Amino acid sequence: MALPFGTYNDDVIKVLKEVGVLYCRTCEHTYNFEMPNDLPLLHPTCHFRYKDLDKLTDEFLNTQTDGDMLFYIWGHSYELVTEDDWQNFELMLKIFLTIREKFMFYGKKNWGKRGKIIKLFCLWN
């Protein structure tokens with residue numbers, strides 16, 4: 001679930017928990033790969049049009065860790081306006097597809113059903 005314009009307050013969080021929402025995306029970018037610790041709020045790593053997405057991707061792919069990581073990229077298809085936007089987006093996806101055996105990929109329907117994850121890449125909304 002995405003929060004409208006990424007906004008929320010204590011009342012919203014209370015209701016989300018009461019109705020059993022597992023997570024909801026904010027618009028507060030972390031620019032890191034730490035697993036969320038204050039669910040149901042889920043702060044994404046970055047937007048897919050982030051100017052240094054390629055550097056973040058390299059950092060994610062080359063980080064050595066025994067712990068779990070989350071690379072959560074979000075965006076809306078209507079934000080892909082130019083041919084260059086689409087080409088850059090497709091290039092990013094191709095990078096992840098070439099190394100997909102090292103990662104667990106989840107969409108929003110099965111996020112809450114995940115098990116142990118070494119590295120996780122999420123892209124939706």
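This is a predicted model: local features need pLDDT of at least 70, side-chain atom pairs count only at pLDDT 80 or more; totals for chains, interfaces and linings use all residues.
Student: Hi! How much space lies in the largest pocket?

Tutor: Hello! The largest pocket holds about 340 Å³ of space.

Student: Which residues lie nearest its centre?

Tutor: Those are Phe48, Tyr50, Leu53, Asn88 and Phe89, out of 15 residues that line the largest pocket.

Student: And what's the lining like by class?

Tutor: The lining of the largest pocket has 8 nonpolar residues, 5 charged ones and 2 polar ones.

Student: Which helix gives the most to that lining?

Tutor: Helix 3 does, with 6 residues. Helix 2, spanning 53–62, and helix 3, spanning 83–98, each supply at least two residues of the lining.

Student: OK, let's look at helix 3 itself. How far does it reach?

Tutor: Helix 3 has 16 residues and reaches 22 Å from its first C-alpha to its last, close to the 22 Å expected at 1.5 Å a residue.

Student: Which of its residues are buried?

Tutor: Asp85, Phe89, Met92 and Phe96 are buried in helix 3. Down the helix axis, the buried residues fall within an arc of 60°, so they line one face of helix 3.

Student: What about the face turned away from the buried side?

Tutor: That face of helix 3 carries Glu83, Leu91, Lys94 and Thr98, which are exposed.

Student: Switching topic: in the largest nonpolar core, which residues touch the most other members?

Tutor: Phe71 and Ile73 do, in a core of 14 residues. Helix 2, strand 4 (69–74) and helix 3 are the elements that give two or more residues to this core.

Student: Great, thanks!

Technical notes. Residues are numbered from 1 along each chain as its sequence is written. Side-chain values use heavy atoms; hydrogens and water are left out. On a 1 Å grid over the protein atoms alone, a cavity is a set of points where a 1.4 Å probe fits but cannot get out, and a pocket is an open set with protein on both sides within 12 Å along at least five of seven lines; lining residues have an atom within 4 Å of a point. Grid points are joined across faces, edges and corners, and a volume is the space filled by probe spheres set on the points. Helices (H or I, at least four residues) and strands (E, at least two) are DSSP runs, numbered from the N terminus. Ala, Val, Leu, Ile, Met, Phe, Trp, Tyr, Cys and Pro count as nonpolar, Asp, Glu, Lys and Arg as charged, and the others, Gly among them, as polar. A nonpolar core is a set of buried Ala, Val, Leu, Ile, Met, Phe, Trp, Tyr and Cys residues joined through side-chain atoms within 4.5 Å. Buried means under 20% relative accessible area, exposed over 50%, partly exposed in between (1.4 Å probe, protein chains only). The expected span of a helix is 1.5 Å times one less than its number of residues. The arc is that of the directions from the helix axis to the C-beta atoms.
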